[in-house]
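Here's a quick briefing to read alongside the model. Keep the 3D view open and click along as you go.

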Amino acid sequence: MFDSSVINLLLVATIAGLAMPVGAMLSTRKSIQPQWLEQELRHGILALGAGALISAVGLVLVPKGAMDLSVFGVVACFVSGSLAFMSLDIFLAKKKTAGSQLAAMLSDFVPESIALGATAALGGSTLLLGALIAVQNLPEGFNAYREMLPKNKKRSNKLIITFVLMALLGPIFSLIGYFFLSQFPVITSGIMLFAAGGILYSVFQDIAPQIRMENHWLPPLGGILGFLVGVVGYMLES
C-alpha cells in the first residue's frame, strides 16, 4: 500500500493532468455571445496559461533546479531545453502537423510531473507546482483541441478521450520522479531547468504572439492572473 505522501502526490498529479481534457471540453463550446466576448475569452485563456508557465519557471523550476547545479550546469540545461523545444517547433512546422500545441503541452507536462514527484520525495510541498501545472494545462488543452479539431471533426469524442488518457501521464511520471529520480537530485535539477528553458521558448514563440488583439486590452490581464496564482501559492507555502 502507498503511504499518504504518495496518495497525495497521485491526487495532485491526476487533478493537474485532468485540466487538459477539461480545457479541451471547454473549447467544444461552439460560440459565446456576443462574438467579441468569445474572442477575448480565447485570448484571455491563452494569457492565463502563459502567466502560469512563467510563474512555474520563475518560482519553482529555476529556483529548485539551480540548487544542485553549478552556474555552467544551469546555463547548459536551460539553453538545451530552449534549443530542444525550438527544434521540435521546426520539425512540426516542416511536417505541417496539427499537433504542435499538443506536443508543446506534453513537452512541459512530462518533466513538470517528474519534478512534482521528486519534490514530494524530498519532503517538499506539491500544491504550488501542482496548481501551476493545472492552470497551464487548462488553456493548453483548450488550444491543442482547437488546433487538432479541423482534421478530426468526425472523431471529436475520441479526441476528448485521448486527452483524458494523456492526463494519466501525470501520475505515471510523478511516480517515476518520486521513486527513482529523487535519488539523483542533479538529474532532477537538470530536468527542471531543461523544462524551464523549453517553456520560456514556447511562451515567447507560440503563446504570447497569439494573446494580443487589436483594440482590445483585457486579454493580457489573464497573464497577470496566471502569474498571480503562482505568487499566492508561493506565499502560502513559505
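Is D89 buried or exposed? D89 is buried, because its relative accessible area is 16% and anything under 20% counts as buried. Keep in mind that you're looking at a predicted model. Here's a tour, from the overall build down to single residues.

**The overall build**
- The protein has nine helices and zero strands.
- Reading from the N terminus, you get α-α-α-α-α-α-α-α-α.
- Of the 238 residues in the protein, 49% are buried.
- Take the contacts with a separation of 6 or more: 85% of them come from residues 24 or more positions apart.

**Back to D89**
- You'll find D89 in helix α3, which covers residues 71–95.
- Setting aside neighbours within four places in sequence, D89 is in contact with Y201, Q205 and D206.

- V60 sits in helix α2, residues 35–65.
- With a relative accessible area of 3%, V60 counts as buried, because the cut-off is under 20%.
- Not counting residues up to four places away in sequence, V60 touches S55, G65, L128, L129 and L132.
- E140 belongs to helix α5, residues 127–148.
- E140 is buried as well, at a relative accessible area of 9%.
- Once residues up to four places away in sequence are left out, E140 touches L53, M105 and D108.

**I176, a partly exposed residue**
- I176 is part of helix α7.
- Its relative accessible area is 30%, so I176 is partly exposed; that label covers the range between the 20% and 50% cut-offs.
- I176 and L116 are 60 residues apart along the chain, and 9.9 Å separates their C-alpha atoms.

**How α6 and α7 pack**
- Two packed helices are described by the angle between their axes and the distance between the axes.
- For helix α6 (residues 156–167) and helix α7 (residues 169–179), the angle is about 15° and the axes are 5 Å apart.
- Angles under 35 degrees count as roughly parallel, so α6 and α7 are roughly parallel to each other.
- On the α6 side, L165, M166 and A167 make the contact, while α7 brings L169, G170 and P171.
- By class, the residues of this contact of α6 with α7 are five nonpolar, one polar and no charged.

**The largest pocket**
- Rolling a probe the size of a water molecule over the atoms shows where empty space is left.
- How much space lies in the largest pocket? About 200 Å³.
- The largest pocket is lined by K64, M67, D68, A118, T119, L122, G123, G124, P185, T188, S189 and M192.
- Helices α4 (100–121) and α8 (185–211) each supply at least two residues of that lining.
- Which helix gives the most to the lining? That's α8, with four residues.
- Sorted by class, the lining has five nonpolar, five polar and two charged residues.

Methods. Residues are numbered from 1 along each chain as its sequence is written. This is a predicted model: local features need pLDDT of at least 70, side-chain atom pairs count only at pLDDT 80 or more; totals for chains, interfaces and linings use all residues. Side-chain values use heavy atoms; hydrogens and water are left out. On a 1 Å grid over the protein atoms alone, a cavity is a set of points where a 1.4 Å probe fits but cannot get out, and a pocket is an open set with protein on both sides within 12 Å along at least five of seven lines; lining residues have an atom within 4 Å of a point. Grid points are joined across faces, edges and corners, and a volume is the space filled by probe spheres set on the points. Ala, Val, Leu, Ile, Met, Phe, Trp, Tyr, Cys and Pro count as nonpolar, Asp, Glu, Lys and Arg as charged, and the others, Gly among them, as polar. Axes are lines fitted to C-alpha atoms, for helices over the stretch in contact, and angles run from 0 to 180 degrees between N-to-C directions. Angles under 35 degrees count as roughly parallel, over 145 as roughly antiparallel, 65 to 115 as roughly perpendicular and the rest as oblique. Contact means heavy atoms within 4.5 Å. Buried means under 20% relative accessible area, exposed over 50%, partly exposed in between (1.4 Å probe, protein chains only).
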